[in-house]
Amino acid sequence: MSSTRFAERPAAGSAGGSSAGGSSVGSSARSSGPRSARRTRRRPGDQGNRTREAALAPLVFLLLVLPLGGLGSLLSGNDWWYSTAFVVAVVLAVAALFRLLPVPGIVPSLAAFAAWVVTITLMFAPNDALFGFLPSFDTLRTIRGGLADAGASIAVQSIPADPVVSIVALLGLSFGLLALLADALIFAVRMPALAGLVPLAILAVPYTIHQQPFDSVLFAALCALYLVLLWLAARFAIGARVPEPTSIRSAVRPGRNGFRAVVSGVVAILLAIVLPVITPGLTPESFHVPVAAQLPSVYSSGVDPTIQLSLDLRRSNPVLSLTYTTTSSAGLYLKLVDLSDFTDGPWQPESTDTAHPLNSGVDAPDGLASDVTTTPVTTSFQISGLRSDWLPVPYPVTDVNGLSGDWTLTPGSLTVTSLDTNSDGQNYQATSLDVQPTAAQLESASTAVPAELANYVTLPGDISPFIRNTARSVTEAASSNYDKAVALQKYFTSGAFQYSVTAPVEGHYDGGNFAAVATFLSAKSGYCIHFASAMAVMARTLGIPSRIAIGYHPGPSTSTQSDGTTTYDVYSDQLHAWPELWFAGVGWLSFEPTPGLGLVPPAYSLSNYAAVSAAAPVRDSAGSTAAPTAPKAKAETDPSITAAADPQVQAAAQVRAWLIALVVVLLAGAVAATPAIWRRVRRRRRLHQMLRGAQPATLGWAEIADTASDYRFDVTEGETARAFAERIGHIYRMPPEPVAALLAAAEKEQFARPGSAEASPEQRAELVADVRAVIAAISAQASAADDRRALLLPLSLWARLRAF
Amino acid sequence: MTNVAQPGNASVSDGFDEFGRLSSAILDNLSRVINGKPEIAALSLVVLLAEGHLLVEDVPGVGKTTLAKALARSVGCTVSRIQFTPDLLPSDVTGVSIYNQHDREFEFKPGAVFANIVIADEINRASPKTQSALLECMEERQVSIDGQTYFLDAPFSVVATQNPIEMEGTYALPEAQRDRFMVRVSMGYPDARAELAMLHNREVQSPLDQLEAVVSREQLMRMIETARQVFVSPAVEQYAVNLAQATRKDPDIRLGVSPRATLHLVRAAKVTAALDGRDFVLPDDIDALVIPVLAHRVLLTRRSLADNRTGGAGSAGGAGGAGAGGSSSYRAVDEVLRRIVASTPVPLVAARKV
């Protein structure tokens with residue numbers, strides 16, 4: 001009623017004594033005025049904005065090509081970098097140029113896509129193009145073929161790979177697409193923050209493929225660039241939701257958004273750096289614990305075994321494959337599998353057709369006569385990081401027990417294999433023989449090859465004569481098979497050959513086949529598989545049965561126990577290949593032609609074996625020459641070492657780490673949800689209190705003020721409820737009746753004569769309904785992002801904390 | 001606006017009804033004369049009903065005197081007008097005892113101040129002595145002459161006008177005396193539409209002549225009584241006190257407001273609440289009155305003046321330097337007061353219990 005009578009009252013209240021004061025006292029300084037809640041979106045026709053957006057393009061370019069440089073550890077040379085950067089530059093430049101024109105937002109992206117297509121066509125498939133630049137179906141086929149090539153090339157090559165054309169094309173294709181994506185994210189979708197995913201994805205590539213020290217300079221540079229991008233994007237008002245926050249928070253000055261963006265970005269990066277350090281389960285080391293993908297997977301994938309071997313050898317982070325404790329005086333060669341079928345093409349592991357179950361007994365070693373001195377050796381194995389169908393066992397094995405699963409034994413090679421399980425996590429004991437033939441026994445071995453071993457001397461007819469000639473010339477002076485074998489080994493280990501993991505790759509003779517052997521013999525550089533295959537093939541040309549064993553070389557021992565056993569840790573980079581040659585009456589003997597690994601060839605394979613064995617005729621039958629009293633200091637460290645290496649302990653540690661990580665995540669989630677829950681509880685308590693407590697309307701109004709403050713609406717102490725209602729009414733269309741009713745009731749409670757404002761239960765219920773209506777109105781008009789922020793980070797709690 | 005005004009009992013309710021009816025009648029009258037200045041009219045009514053005094057300050061010709069006259073004419077009270085000049089004597093204001101030869105005794109001749117509404121035109125042109133005579137009456141509501149005290153009839157309200165231009169040979173009211181005025185208003189120039197309307201209104205005759213009293217003296221006294229009944233909660237009283245204290249502590253203010261200013265503020269706020277149909281005072285009422293009631297009582301520091309002064313309109317006499325619509329120093333004061341209001345916690349918002 002009063003409003004009709006005193007139509008000019010509100011104005012009179014704001015007279016202010018002078019015409020200088022505009023609206024009502026106090027609130028006018030802060031109120032944002034009747035600004036329309038939905039501000040007009042940034043119009044595309046703004047020339048200045050377009051220029052500034054185009055100016056962002058160099059920044060995006062840097063964001064893409066800097067992490068591209070990180071691939072330098074994977075690819076040799078740097079031509080690939082230039083071509084890829086060129087594609088990226090073309091795509092971004094075309095997009096930027098088109099963005100300078102007054103065209104709809106989608107056009108620059110389309111133009112950039114066209115530029116990408118044409119550039120790729122011109123660079124990598126120019127012959128099939130229509131008019132020299134338009135892609136045709138042939139172009140597609142060519143490119144697809146190129147991609148297939150790239151896939152094969154990537155699979156075959158090791159790091160750093162040779163950037164063949166197909167790989168460069170793949171890089172150009174993918175980086176051009178990434179540039180398109182980044183450009184579209186920033187300018188078309190207007191979510192510049194998401195563009196950070198692109199350099200992140202590129203940066204992650206080298207580290208996932210190849211373990212290497214983290215390049216913090218590059219990372220810092222990228223972060224700085226990204227922050228600059230965010231800042232500029234905020235400055236240039238590139239962002240999908242720029243109008244929203246200003247309409248809600250009257251206090252936010254547009255100029256400060258950039259600052260906020262930078263601050264939140266910096267905080268995010270700092271968190272990313274600090275969090276892994278302080279949380280127990282998420283340190284980088286916890287990811288180094290071998291996960292399945294990191295295990296050396298010898299032969300399990302069925303690809304060329306020698307290539308697989310070379311890949312495992314080139315691993316820069318060897319993982320612990322197995323640990324064994326043996327009674328042997330020296331380390332054991334642990335054989336996984338034999339390659340005996342030397343045919344054209346990749347050499348495959350021997351067939352397991354003749355295999356029989358392991359528990360039906362172990363066959364006697366081929367050709368081992370009873371007059372040869374042998375010493376039984378007992379070894380217990382713990383496999384922690386090897387996933388293979390074959391079991392590493394010493395040759396010749398006489399007994400294996402303790403295995404889980406069904407295993408079969410292949411007679412002849414005495415390898416143990418399984419079809420339904422694998423070696424990972426197995427603990428078992430193996431008894432093997434330490435064969436100690438005398439020089440005389442070896443010398444006198446017959447050169448006749450038994451019929452059942454004929455397979456071991458067959459060679460394809462068309463092998464390079466160079467191999468035969470070399471073998472003949474090397475063994476000219478030798479008469480017996482044994483002498484020839486010793487001469488062959490000496491040929492390789494006498495210094496003419498070099499050990500190199502990379503040379504075969506660079507010379508393109510990696511792998512096990514006759515072409516590779518011939519090339520290796522002339523290049524005189526390679527690694528174990530080359531030495532082993534070369535010696536084996538040469539031995540066959542000389543009529544000595546031979547095969548290639550693949551397994552682990554002994555490596556250095558780690559500790560010696562007091563009971564005379566020695567423990568060895570075998571790492572994945574001890575994967576090895578060596579030739580086994582057959583001598584009548586002695587059987588298969590291992591040779592060690594590979595130099596440069598610090599491996600000691602078996603005593604019998606050395607040319608002075610006869611003299612040495614004459615001086616110390618036979619070893620005592622106990623076999624072990626290991627010092628019976630081992631150093632005690634070493635022994636004491638054993639339990640911890642073996643415990644750490646124990647796969648179960650490792651698994652437990654891993655599970656614990658993940659559990660801790662889970663708990664940390666849950667705790668963090670709980671902590672993050674606490675404000676929201678607290679705020680909800682407070683609201684419920686208030687609304688509940690309104691139904692029975694004193695001053696229901698005041699409580700309701702406090703709840704509304706808090707809600708507004710949650711929505712980042714400035715609530716100041718110096719503002720009256722009315723002024724506040726008026727101000728919020730300028731920004732949100734508030735339901736008038738509930739606001740007026742609440743306001744009147746609250747004012748009455750607070751300032752009227754005591755006792756004059758006793759609310760009935762119905763009135764209280766109405767007030768609660770009013771409060772809910774007002775809150776619903778605010779929430780309905782705020783954006784989803786503001787809703788989330790109000791829910792998760794209620795500022796009113798902070799204000800309350802501050803008040804204490 | 002369903003239940004904003006629901007006074008406690010019937011008689012109070014009647015009082016408020018009458019109050020609302022009469023006050024809107026007075027404001028109607030005023031708006032006929034003062035074109036386009038409803039807030040000034042309302043403020044002058046507030047001062048009248050709060051038994052305060054009004055100081056109208058502005059350049060010549062913007063309707064200061066017209067406002068005062070219209071206000072006086074709208075209520076059926078005795079009105080007198082004193083045109084202050086340099087040669088005006090205190091006795092001209094208060095009255096004088098003259099020897100009556102017929103009765104052979106001194107007889108008191110009441111001066112112009114003996115009226116319900118006194119219009120003191122261009123008060124700064126009179127000598128300080130004369131000014132003081134009036135100002136004493138304003139505060140004491142009595143006149144003492146020759147040992148005899150004469151009381152002034154209620155209601156008593158002085159509407160003084162002061163011309164801030166042409167300060168030569170004038171005596172601008174010092175701070176201590178400005179303090180006695182409840183409200184100072186600056187008329188300010190009318191906007192173009194109001195000025196045009198004014199031309200039409202006054203083409204034939206002055207609208208002032210057509211004004212008739214819409215409120216009798218008794219009715220006015222009842223209105224004043226009603227306004228007195230308005231309830232001021234302790235929270236609001238505390239708020240007023242806090243505001244006053246804040247002006248005394250503010251670094252920008254050289255001289256804060258007096259306790260009398262707090263009194264005036266609350267009294268005026270009561271009338272504002274009554275005009276709004278409420279029987280209790282809101283902090284909003286206080287807020288709205290802070291600048292009219294307090295602005296002429298505070299003195300800013302020189303630094304603050306210098307910081308706030310955009311133009312070079314300063315002249316000797318502090319608040320005297322002026323122009324229509326408020327000088328820069330006025331604006332500076334308003335600004336400081338607004339800041340104080342904004343930073344002083346308001347009882348309702350500050351009261352958080354759960």
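I began with helix H24 (residues 696-710) of chain A, which has 15 residues and reaches 21 Å from its first C-alpha to its last, close to the 21 Å expected at 1.5 Å a residue; the expected span is 1.5 Å times one less than the number of residues. Helices (H or I, at least four residues) and strands (E, at least two) are DSSP runs, numbered from the N terminus. I noted that 15 of the 15 residues of H24(A) are buried, leaving this helix mostly covered. A residue is buried if 20 or more other C-beta atoms lie within 10 Å of its own, exposed if 12 or fewer, and partly exposed in between, with C-beta atoms placed from the backbone. After H24(A) comes A:Arg712, whose phi is positive, near 60°.

**Numbering and confidence**

I am reading a predicted model, in which local features need pLDDT of at least 70 and side-chain atom pairs count only at pLDDT 80 or more, while totals for chains, interfaces and linings use all residues. Residues are numbered from 1 along each chain as its sequence is written, and chains are lettered from A and ligands numbered from 1 in the order in which they are written.

I looked up pLDDT, the predictor's confidence in each residue, from 0 to 100. Its mean for chain A is 74, with 76% of the residues at 70 or more. Within chain A, the lowest confidence is in helix H2 (residues 9-13), at a mean of 37, and the highest is in strand E6 (residues 393-394), at 88. I marked residues 240-255 of chain A, where pLDDT stays under 50 and the model has 31 contacts beyond four places in sequence; two residues are in contact if their C-beta atoms, placed from the backbone, lie within 7 Å. Residues 616-645 of chain A also have pLDDT below 50, and this stretch has 36 contacts in the model beyond near neighbours in sequence.

**Chain A overall**

I recorded 29 helices and 17 strands in chain A, and of its 804 residues 40% count as buried. Among the contacts in chain A with a separation of 6 or more, 76% are between residues 24 or more positions apart.

I then checked the UniProt record (an unreviewed entry), which places the feature "transmembrane region" at several spans of chain A, including residues 54-74 and 164-186. Residues 54-74 of chain A are 71% helix and 0% strand, with the end C-alpha atoms 33 Å apart. Residues 164-186 of chain A are 96% helix and 0% strand, and their end C-alpha atoms lie 33 Å apart.

**An open sheet in chain A**

I traced an open sheet of four strands in the order E3-E8-E9-E5 (chain A), with antiparallel pairing; two strands pair if DSSP finds at least two bridges between them. Strand E3 (356-357) and strand E5 (390-391) of chain A are the edge strands, each pairing on one side only. E5(A) and strand E9 (residues 415-417) of chain A are antiparallel over two bridges, and A:Leu391 has A:Val416 as its bridge partner in E9(A).

I also found a cis peptide bond between A:Tyr395 and A:Pro396, with omega about -10°; A:Pro396 lies in the loop between E6 and strand E7 (397-401) of chain A.

I looked next at E9(B), which is largely enclosed by the rest of the structure because six of its six residues are buried. On one side sit B:Ser157, B:Val159 and B:Thr161, and on the other B:Val158, B:Ala160 and B:Gln162. Strand E1 (residues 54-57) of chain B pairs with E9(B) in the parallel sense over four bridges, where B:Val56 stands opposite B:Thr161. Strand E6 (residues 117-121) of chain B is likewise joined to E9(B) by four bridges and runs parallel, with B:Val118 opposite B:Val158.

I noted a cis peptide bond joining B:Ala154 and B:Pro155, at an omega of about -10°, and B:Pro155 is in the loop between strand E8 (148-151) and strand E9 (157-162) of chain B. B:Arg104 is not a glycine, yet has a positive phi of about 60°; with 7 C-beta neighbours inside 10 Å, B:Arg104 counts as exposed.

**Nonpolar cores**

I took a nonpolar core as a set of buried Ala, Val, Leu, Ile, Met, Phe, Trp, Tyr and Cys residues joined through C-beta atoms within 7 Å. The largest has 103 residues, of which B:Leu265, B:Ala268 and B:Leu294 touch the most other members. Apart from it lies another core, of 79 residues, among them A:Ala430, A:Val517, A:Val586 and A:Leu589.

Terms used:
UniProt positions renumbered as here; feature names shortened; annotations may be inferred.
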